[in-house]
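Welcome! Let's look at this structure together, asking at each step what stands behind the words used for it.

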Amino acid sequence: METTASYLTRRRYRTSRHMRGLCAEVRLQAQGFIQPLFVDEALISPRPATGLSGVMIDTPDSLLETVSRDLADGVEKFLLFPIPKPSSGHSFDFRFAASVISGLRAAFGDDIWLAADLCLCSYTTHGHCGILSEDGSRLLNVETVQVLSDYASVLAQAGADCIAPSDMSDGRVVAIRQRLDAEGFDHVSIMSYAAKFASQFYGPFRDACHSAPAAGQGLRDRRTYQISPLNAGDAVDSALRDLQEGADILMVKPAALYTDIISAIRRETRAPIAAYHVSGEYAALEGLVRDGLADRSAAHLEVWTSLQRSGAGIIISYAARHAKAWIENHIP
Ligand code: PBG
């Protein structure tokens, strides 16, 4: 009679939740999670974000309630997306973003860690992440980085703990670092969107932030500044470049489709890596849940496990506010 040699048996590792828990290599912790927040100057009352179940676009007042609830639920780190009223032309007015940040700081002090997204896409009429040449055909890198540095300074003055540049211009990280240091904000960290791909999976976010590139003349998409999904080497080198320029945390985004990139960066550096499970990835998963085809908490936990297994210690998720409860109640 043939038997399987005892040492070839793998199933003993899987026999019970005790054994699975003991042998687990990944242990998720709520303290590694960041919750994105939207706040829109043009809103009179909060509205649900299209496609992002459970996510609201807040007014400055309702944002305070959202953050209070989130704190009670065990998430204390946030990534803020301020959406200013639509404006015309090229004048950038950062006062709304500043007032939201100082409002949060006044209400919650050090109980929260607040990263502010730094990009011009919800400020520009064309929806691109920087200033375009007159004919709309090119992103002007030098001019863009200048405005981004000004914006970073405003956000730091208002009380942001971290600046998160998501524009993908060259040289922005070093420019922001120097500007912050020169103004006495050497304690403010930078989480750079270091490996940010030109992706189809930002749809719900662009809808929320009115930041889809406008149809018409000029650049139609972000492929001249965001990384090509065909080029893993560019992503790894861009991340290492940002690290050299002074980034403290390197972000990979989207996340679940790019775990190879997370692992590749992890092999090159010990710097913290943040994986951003982006709006389209989240919405796709929530669609399965809505159709009764997946269990919500188990599905998100599986994605998060995959991100951490790949090398990301920080997870940005629209469901971060559930992380503590879901992790606590999870049976391995
Ligand atoms: C803006 C920005 C985007 C996201 C974060 N910052 C969209 C884009 O680059 O078009 C996407 C986040 C998400 O989809 O959840 N530069």
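Q: How do you know that the length of helix 9 agrees with its number of residues?
A: The expected span of a helix is 1.5 Å times one less than its number of residues. For the twelve residues of helix 9 (residues 279–290) that should give 16 Å, and the end C-alpha atoms are 16 Å apart, so the two agree. Helices here are DSSP runs of H or I with at least four residues, and strands are runs of E with at least two, numbered from the N terminus.

Q: Where do these values come from?
A: This is a predicted model, in which local features need pLDDT of at least 70 and side-chain atom pairs count only at pLDDT 80 or more, while totals for chains, interfaces and linings use all residues. Residues are numbered from 1 along each chain as its sequence is written, and side-chain values use heavy atoms, with hydrogens and water left out.

Q: What makes helix 9 largely enclosed?
A: Buried means under 20% relative accessible area, exposed over 50%, and partly exposed in between (1.4 Å probe, protein chains only). Nine of the twelve residues of helix 9 are buried, so the rest of the structure largely encloses this helix. Among the nine are Y282, L285 and V289. The buried residues pack against helix 6 (203–209), strand 9 (273–276) and helix 10 (296–310), where contact means heavy atoms within 4.5 Å.

Q: Which residues of helix 9 and helix 10 meet?
A: From helix 9 come Y282, L285, E286 and V289, and they meet R296, A299, H300 and V303 of helix 10. By class, this contact has five nonpolar, one polar and two charged residues. Ala, Val, Leu, Ile, Met, Phe, Trp, Tyr, Cys and Pro count as nonpolar, Asp, Glu, Lys and Arg as charged, and the others, Gly among them, as polar.

Q: How many aromatic pairs does a search of the whole structure find?
A: The search finds 15.

Q: Why is the pair of W304 and W326 called stacked?
A: Rings of Phe, Tyr and Trp (its six-membered ring) pair if their centres lie within 6.5 Å; planes under 30 degrees apart count as stacked, over 60 as edge-to-face and the rest as tilted. For W304 and W326 the centres are 5.9 Å apart and the planes at 25°, so the pair is stacked. W304 lies in helix 10 and W326 in helix 11 (residues 323–329), so the pair ties together parts 22 residues apart in sequence.

Q: Why does A182 count as exposed?
A: The relative accessibility of A182 is 69%, so A182 counts as exposed. A182 is found in helix 5 (residues 172–182).
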